[in-house]
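Colleague: Could you take a close look at one part for me, the sheet, and then whatever else is worth a glance? I'd like it in plain words.

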Amino acid sequence: MSVVRLSQYYMPTLKETPGDAEIISHQLLLRAGFMRKTASGIYSLLPLGWRVVQKIEQIVREEMDALDAQEMRLPIIQPEEMWRESGRWDAYGPELMRLKDRHERGWCLGPTHEEIISALIATDIKSYKQLPFALYQMNTKFRDEIRPRFGLLRGREFLMKDCYSFHADEADLGAYYELQAQAYGRICDRMGIDWRRVEADSGQIGGKVTAEFHAIADAGESDIVYCACDYAADIDTLPEEGDARNVCPKCGTSLQRARGIEIGQVFQVGAQYSETMGVSFADVDGAEHPPLMGCYGWGITRSLAAAIEQHNDEYGMKWPAAIAPYQVCLIGIGKDEEVATALETYAAELDQAGIEVVIDDRNERPGTKFADADLVGWPYQVVVGSRGLKNGTVEVKERMSGEKVELPLADVVAYLGEKLKG
Ligand code: ATP
Ligand code: MG
């Protein structure tokens, strides 16, 4: 790794809260220099924002790989014919961004990739022996949302992990779907997100089997009820009459209410796309069947914003260490030579220990450095000043808890190593 020095780092912080940012994650992402708006619902991710994206992607990747899903990459631009085949060219509506090339051929920017993946496997899948399998990608999606808002929560261009699995029968699809759902819970846990699994159509006959994963946050657009026993539902799917909205149908205790941000969804789609797009496989006896599909979408950029909605205070963001852009910020106080030397020594030692470290070497007042460190939300701030150095100590502040400890110089690296392990 290498040590980052903030004096040359592209982290343009803002003193004022931008006027059109209504919710805290949107405000903080702009103020702390994680992103900039390029156009309505379209953002440029700056180095800090991109670092967090990569951390989240890696967690998602590990969980997908653990389920033997295979990472790949599909085109963003998709031919009109494929969407006509599935029947969605007309059904999708104005959210689908349509365009023409120089030959007047129609295209769209992918809001999701069921068509293109079905068209892909249609040519390659022939036998039951090839099933089951799952493919996934991390890619840009485009949806021309009528009301892009809340920064990364509802963008027009955004990042999604989408996974598609293919199965010979219902039982196999159901089992893999459940594994995906469990992986989604682990992704939330690893990201430090307080989440609920919301069953969409609670067991309606003929209804599609699907579940949404919601981050609990006031900025959420869904109204959900939940219970300590792990039951949760979207209030709009429950009858207004009776006790459905107040009493848990699983355990009978009273339900709690909260707003939720949908950060992921798992879906047993079944044969729909295989049938419309001509995908089939031969079973043991040579009879042709459509493979059954499962779809699993995870909002990379939306979950990034959801994590901020859950972890912030009046001073800024508080990153869980697993998804922080960097783990430790070294802040030098005073211009003494010995402070500068100590910063470099610590940075090198932390780097050696595999800890991601930045040095705030900017020519700013201590107050500005502390304020920016709180704003950006590095999990640990290490304050190195000449007074402390004389006593043989430095101060370490944990951003999440606000806890400060004074440590002997020699103990700092081991202390942080212990805190950040696992
Ligand atoms: P919503 O109901 O919020 O519009 P959706 O149900 O249409 O979302 P899906 O098709 O289920 O979204 O897409 C999978 C995931 O992609 C969502 O769970 C969400 O995390 C993310 N996502 C969807 N739309 C957006 C968007 N406009 N901006 C950012 N992330 C999005
Ligand atoms: Mg959804």
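Modeller: Two strands pair if DSSP finds at least two bridges between them; strands (E, at least two residues) and helices (H or I, at least four) are DSSP runs, numbered from the N terminus. This is a predicted model, where local features need pLDDT of at least 70 and side-chain atom pairs pLDDT 80 or more, while totals for chains, interfaces and linings use all residues. Residues count from 1 along each chain as its sequence is written, chains are lettered from A and ligands numbered from 1 in written order, and side-chain values use heavy atoms, leaving out hydrogens and water.

The sheet is open, with 6 strands in the order E1-E21-E20-E22-E23-E24 and mixed pairing. At its edges stand E1 (4-5) and E24 (404-408), each with a single partner strand, so one side of each has no neighbour in the sheet. Further in, E20 (residues 328-333) runs parallel to E22 (residues 380-385), and 6 bridges link this pair.

H10 (residues 366-376) lies across E20, E21 (357-360), E22 and E23 (393-398), where contact means heavy atoms within 4.5 Å. H10 runs at about 170 degrees to E20, on a scale from 0 to 180 degrees between N-to-C directions, with axes fitted to C-alpha atoms, for helices over the stretch in contact.

As for the rest, helix H2 (residues 47-66) and helix H8 (residues 300-310) pack with their axes 10 Å apart, at an angle of about 110 degrees. H2 and H8 are therefore roughly perpendicular (65 to 115 degrees; under 35 is roughly parallel, over 145 roughly antiparallel, the rest oblique).
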